[in-house]
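Please look over this structure before reading my comments.

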Amino acid sequence: MPELHFEALHPDFGAKVTGLSFTDRLSQEIVSEIQKAIDQYSLLHFPNQKMNDESHMVITRCLGEPEAEHVTYGKTGKIVYFGTVGNVMDDDSKKDGTDPSTLYQKGNELWHSDSSFRKIPSYFSITHAYEVPGEGGETEFASMRSAYARLPREKQEKIENLSCIHDYVFSRSPVAPVNPKHAASLPPVEHKLVRTNPVNGLKNYFVGSHARSVVGWHGVESRKLLDDLLEWSTQPKDVYSHKWAAGDTVVWDNRCLLHRGAGYNADRWRRRMRQTRVAGKVSTLEEP
Ligand code: OGA
Ligand code: MN
């Protein structure tokens with residue numbers, strides 16, 4: 001059995017993992033070890049992978065049920081499992097900074113947890129980089145688990161039993177137009193504000209750009225709490241910025257991490273990454 005080697009990326013979270021290739025057969029032991037490592041580290045970076053869509057789907061299914069990509073599903077009802085991140089299209093053409101697809105992805109430059117706007121938000125995202133810009137294009141990550149642990153006890157208690165509305169149309173309309181069918185497929189949903197990892201019992205709050213309001217709170221107070229929590233978790237010292245290299249596969253835990261794109265010059269550079277997501281199992285309201 002291959003031996004995995006872990007090297008911490010940030011004092012709070014993240015590990016670089018070597019000793020495995022996703023194009024080799026993945027044993028149940030290795031998959032369990034990866035799963036355990038995600039519960040512990042929240043983000044795993046596997047450098048120098050020879051990935052293709054087939055092996056990408058294999059690792060996705062090993063970790064759970066693939067999630068239907070919401071844009072295609074919302075617009076057309078078709079289920080596809082891959083999303084393309086960046087400005088290179090399937091036909092290999094490059095879009096520039098003013099193209100609607102590039103502008104649409106500007107929404108990813110706001111701190112978010114992938115699919116927090118779904119009734120059952122996603123579990124992991126699995127992203128593989130094929131082509132990266134020579135400059136910029138980092139993805140930044142922050143842990144809402146370590147941010148929660150750093151909160152004063154009274155604040156932890158104050159937010160313990162709250163829930164929030166997450167709303168894609170709310171978060172994305174100010175950035176780029178949302179297709180009406182896509183919008184209709186994603187009604188606002190309610191989530192617990194504080195979630196608990198079922199394996200290690202560690203808690204985190206769950207906010208990000210899609211978090212619209214705190215249920216039962218007035219607008220101003222509600223906005224202030226969500227903004228304060230977001231700011232608390234994303235202070236520069238608490239952020240890990242991933243500088244992508246072609247061949248990187250990064251798996252991150254959307255239950256407890258926030259991330260955002262740092263941006264890049266799409267007129268100048270090509271950026272091509274492929275992403276799948278592993279679906280969660282239940283609504284956060286049903287989580288223990
Ligand atoms: C994502 C994402 C930001 C980026 O892949 O889910 O938000 O770096 N990416 O483009
Ligand atoms: Mn994202």
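The points below cover a pocket, one arginine and a metal site.

1. This is a predicted model: local features need pLDDT of at least 70, side-chain atom pairs count only at pLDDT 80 or more, and totals for chains, interfaces and linings use all residues. Residues are numbered from 1 along each chain as its sequence is written, chains are lettered from A and ligands numbered from 1 in the order written, and side-chain values use heavy atoms, without hydrogens and water.

2. The second largest pocket is lined by 19 residues. Nearest its centre lie Y123, R195, P198, R255 and E287. Two or more lining residues come from each of β5 (122-131) and β9 (194-196); strands are DSSP runs (E, at least two residues) numbered from the N terminus. A pocket here is an open set of points on a 1 Å grid over the protein atoms alone, where a 1.4 Å probe fits, with protein on both sides within 12 Å along at least five of seven lines; lining residues have an atom within 4 Å of a point.

3. R255 sits in the loop between β13 (249-253) and β14 (257-261). R255 counts as buried because its relative accessibility is 12% (buried means under 20% relative accessible area, with a 1.4 Å probe and protein chains only).

4. The manganese ion (ligand 2) is coordinated by H112 (NE2), D114 (OD) and H259 (NE2), at 2.1 to 2.2 Å. Donors are N, O and S atoms within 2.8 Å of the metal (3.2 Å for Na, K and Ca); water is not among the atoms, so sites may look incomplete. H112 is buried at 2% relative accessibility, and D114 is buried at 4%.

Conventions. Helix = DSSP H or I, 4+ residues; strand = E, 2+ residues; numbered from the N terminus. Buried < 20%, exposed > 50% of the residue type's maximum accessible area, 1.4 Å probe, protein only.
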